[in-house]
Structure formats: structure tokens, C-alpha cells
Amino acid sequence: GGVEASMLNRALARLKLVEPDHQGALEDCDAALQTEEHNPKAHYRRAQALEGLGKLDMALAAARRAKQLAGDDETVGALCQKIQASIDDKKDKERKERRAREGEELARKAREREEEKRRRADDVDELD
């Protein structure tokens with residue numbers, strides 16, 4: 001309907017601002033989906049808004065729903081791939097950060113053991 005189209009046009013405008021209004025765009029898409037839940041454009045723009053908000057898992061679900069409704073639309077498929085790549089990158093970064101923290105913790109424990117050995121050796125030297 002006309003109201004949904006207006007909401008989706010406003011959502012698009014909000015996404016294209018120099019400083020995008022992702023939350024406003026999300027709200028517009030959600031409002032449009034209240035009356036027209038099978039609208040692929042609403043799900044597509046909702047995915048873009050969620051991606052902009054950093055809610056990548058929700059964005060991917062919305063993009064997949066848009067793809068399901070739109071069929072073989074290349075633009076929707078490209079958005080799915082882009083969001084999935086962002087999710088994969090985020091997981092890789094988190095994994096690397098976790099490994100770095102674990103490595104730092106192992107190094108700290110090794111230093112503590114060495115310090116304890118030195119203290120014990122110093123204690124033994126004082127006994128001589």
C-alpha cells in the first residue's frame with residue numbers, strides 16, 4: 001500500500017543521509033512490515049539498518065528473509081554475502097584477541113614462576 005511505500009521511501013532516505021539514521025530506518029521498516037510482512041524491500045532495508053546498528057546476526061536474518069521473498073535478486077544476495085563476511089571478520093578478530101589474551105596470560109604466569117624460582121634461590125643463598 002501507499003503508507004508502506006512512504007515508510008520504505010523514508011527508510012531509504014534515512015539510510016542515505018551523510019550520518020545515516022539507522023534506528024529511524026529500522027523503525028520505518030518495522031512499521032511497514034506490520035501491514036505488509038512479505039515485502040522484500042522492507043526486509044532488505046531492515047537488514048541494512050540492522051547492519052548499520054551493528055546487529056549483524058539480525059541483519060543477516062532480515063537479508064535472508066528478503067532473499068527468500070525476492071528470489072534471485074543479485075542486490076539482495078550481495079547484501080547477504082556482505083553481512084556474512086562482516087560476521088566472519090568479527091569472529092576472526094574476536095578469536096585473535098582471545099588468543100592474544102591467552103598468550104599474555106601464559107607469559108605472565110611464566111614470569112611469575114621464574115620470579116618465584118629466583119626468590120627461592122635467593123632464600124637458599126641466604127641460608128648458606
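Helix 3 and helix 5 pack at an angle of about 25 degrees, and their axes lie 11 Å apart. This is a predicted model. Angles under 35 degrees count as roughly parallel, and helix 3 and helix 5 are therefore roughly parallel to each other. The crossing of helix 3 past helix 5 is left-handed. On the helix 3 side the contact is made by Tyr44, Ala47, Gln48 and Glu51, which meet Thr75, Val76, Leu79, Lys82, Ile83 and Ser86 of helix 5. By class, these residues are five nonpolar, three polar and two charged.

Helix 3 (residues 40-52) also packs against helix 4 (residues 56-70), where the axes come within 8 Å and cross at roughly 160 degrees. Angles over 145 degrees count as roughly antiparallel, so helix 3 and helix 4 are roughly antiparallel to each other. Helix 3 passes helix 4 in a left-handed crossing. From helix 3, Pro40, His43, Tyr44, Arg46, Ala47, Leu50 and Glu51 take part; from helix 4, the partners are Leu56, Met58, Ala59, Ala62, Ala63, Arg65, Ala66, Leu69 and Ala70. The residues of this contact divide into twelve nonpolar, one polar and three charged.

| Pair | Axis angle | Axis distance | Crossing |
|---|---|---|---|
| Helix 3 and helix 4 | roughly 160 degrees | within 8 Å | left-handed |
| Helix 3 and helix 5 | about 25 degrees | 11 Å | left-handed |

Helix 2 (residues 22-35) has 14 residues, which should span 20 Å at 1.5 Å a residue; its end C-alpha atoms are 21 Å apart, in agreement with that value. Within helix 2, the buried residues are His22, Gly24, Ala25, Leu26, Asp28, Cys29, Ala32 and Leu33. Helix 1 (2-16) and helix 3 are among the elements that cover them.

Asp28, a residue of helix 2, has a relative accessible area of 3%. Buried means under 20%, so Asp28 counts as buried. Leaving aside residues up to four places away in sequence, Asp28 touches Met7, Arg10, Ala11 and Arg14.

Ala78 belongs to helix 5 (residues 74-127). With a relative accessible area of 42%, Ala78 is partly exposed. Ala78 and Lys67 are eleven residues apart along the chain, and their C-alpha atoms are separated by 9.9 Å.

How values were computed
Residues are numbered from 1 along each chain as its sequence is written. This is a predicted model: local features need pLDDT of at least 70, side-chain atom pairs count only at pLDDT 80 or more; totals for chains, interfaces and linings use all residues. Side-chain values use heavy atoms; hydrogens and water are left out. Axes are lines fitted to C-alpha atoms, for helices over the stretch in contact, and angles run from 0 to 180 degrees between N-to-C directions. Helices (H or I, at least four residues) and strands (E, at least two) are DSSP runs, numbered from the N terminus. Angles under 35 degrees count as roughly parallel, over 145 as roughly antiparallel, 65 to 115 as roughly perpendicular and the rest as oblique. A crossing is left-handed if the near helix is turned anticlockwise from the far one by less than a right angle, and right-handed if clockwise. Contact means heavy atoms within 4.5 Å. Ala, Val, Leu, Ile, Met, Phe, Trp, Tyr, Cys and Pro count as nonpolar, Asp, Glu, Lys and Arg as charged, and the others, Gly among them, as polar. The expected span of a helix is 1.5 Å times one less than its number of residues. Buried means under 20% relative accessible area, exposed over 50%, partly exposed in between (1.4 Å probe, protein chains only).
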